[in-house]
Amino acid sequence: MPSLVVNIDHIATLRQARLGHEPEPVTGAHLAELSGAVGIICHLREDRRHIQDRDVEMLRKTINTRMHLEMAATDEMHAICLKTQPYMCCIVPEKRQELTTEGGMDVVSREAELTEFVKEIHAAGIRSSLFIDADPEQIEATARVGCEFVEIHTGHYADAADYKQEEIEFKKIADGIAHAQKLGLKVNLGHGLNYTNILRFKNIPGICEYSIGHSIMSRAIFTGIPVAVKEMRDIINTFVD
Ligand SMILES: CC(=O)[C@@H](O)[C@H](O)COP(=O)(O)O
Ligand SMILES: NCC(=O)COP(=O)(O)O
């Protein structure tokens, strides 16, 4: 059965709105774990707009499941990753002006650099994943880079303007999943998934993890984190292996 990994960046976003002390991402991570998350994701952005260095340090000490560190492919983040020793490092693209991650990494144009980057992460015993669009060329480049995992960006599907576009984006992802699996990559999905749009993936086999944050934390404002995480967990529990 696929696993649910919960992104807690959005707790830090609320805290950073006042640059204060609450809400505390560590508390949110612990509640998510108690409610069925098999791992916790935090994305240390270069601009530190939500997760801070202190969060990464505290989460590393307190997460009882798996820590997934999302980060850009920069020297600074590489050093932080090696120091932190997360369970998995997911390399994502960042743009300074974006509201949220807008698309996948261009692995094709950075293949040599990313191969070296990933090699050093593996040498430190850390699993690696690349966050990419469901594009065959990017999937093939990710396999050549030597990543064990790929996270296919579901944001274009989640943001589709109408049903027809949603169908097109869903088909691209379904094809991308099959292509990645054929190349031996383990497949995770994430970005913009919520309690309804995730249902389309129910019968797609072989998905390792769903990475979900914004929708769970949005619901948690009204229900609390335990209920919001459990409801998502219950949905994923009905999915095929
Ligand atoms: C790569 C990705 O999808 C996550 O990092 C998620 O979107 C939360 O981070 P942001 O809200 O900073 O985009
Ligand atoms: N990698 C995707 C992720 O961590 C969660 O994205 P979102 O659910 O916050 O859009």
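A residue is buried if 20 or more other C-beta atoms lie within 10 Å of its own, exposed if 12 or fewer, and partly exposed in between, with C-beta atoms placed from the backbone.

This is a predicted model, in which local features need pLDDT of at least 70, side-chain atom pairs count only at pLDDT 80 or more, and totals for chains, interfaces and linings use all residues. Residues are numbered from 1 along each chain as its sequence is written, while chains are lettered from A and ligands numbered from 1 in the order in which they are written.

**View 1. The whole chain.** The chain has 10 helices and 8 strands. Helices (H or I, at least four residues) and strands (E, at least two) are DSSP runs, numbered from the N terminus. The C-alpha trace spans about 45 × 40 × 35 Å along its principal axes. A compact globule of 241 residues would have a radius of gyration near 18 Å, and the chain agrees with its 17 Å. That radius is taken over C-alpha atoms, and the globule rule is 2.2 Å times the number of residues to the power 0.38. Of the 241 residues, 43% count as buried.

**View 2. Val26 in helix H2.** Val26 sits in helix H2. Is Val26 buried or partly exposed? Val26 is partly exposed, because 18 other C-beta atoms lie within 10 Å. Leaving aside neighbours within four places in sequence, Val26 is in contact with Met58, Leu59 and Thr62. Two residues are in contact if their C-beta atoms, placed from the backbone, lie within 7 Å. Ser215 is 189 residues from Val26 along the chain, and their C-alpha atoms are separated by 18 Å.

**View 3. Strands S2 and S3.** Strand S2 (residues 39-43) and S3 run parallel, joined by 5 bridges. Two strands pair if DSSP finds at least two bridges between them. Cys42 has Leu69 as its bridge partner in S3. Strand S3 (residues 66-71) is largely enclosed by the rest of the structure, because 5 of its 6 residues are buried.

View 4. Among the residues around ligand 1 are Asn7, Asp9, His43, Arg45 and Glu70. A residue is near a molecule or strand if its C-beta atom, placed from the backbone, lies within 6 Å of it. The shell around ligand 1 has 2 nonpolar, 7 polar and 3 charged residues. Ala, Val, Leu, Ile, Met, Phe, Trp, Tyr, Cys and Pro count as nonpolar, Asp, Glu, Lys and Arg as charged, and the others, Gly among them, as polar.

**View 5. The surroundings of ligand 2.** Ligand 2 is surrounded by residues including Asn7, Ile41, Glu151, His214 and Ser215. Which elements each supply at least two residues of this shell? They are strand S8 (207-212) and helix H9 (214-223). The shell around ligand 2 divides into 3 nonpolar, 8 polar and 1 charged.

**View 6. Positions from the UniProt record.** The unreviewed UniProt entry places the feature "binding site" at Asn7, Arg18, Gly192, Gly213 and His214. These positions are spread over 208 residues of sequence, and also in space, up to 24.8 Å between C-alpha atoms. UniProt positions are in the numbering used here, feature names are shortened, and annotations may be inferred rather than shown by experiment. Asn7 lies in strand S1 (residues 3-7). Asn7 counts as buried because it has 25 C-beta neighbours inside 10 Å. Arg18 lies in the loop between helix H1 (9-16) and helix H2 (25-34). Arg18 is exposed, with 8 other C-beta atoms within 10 Å.
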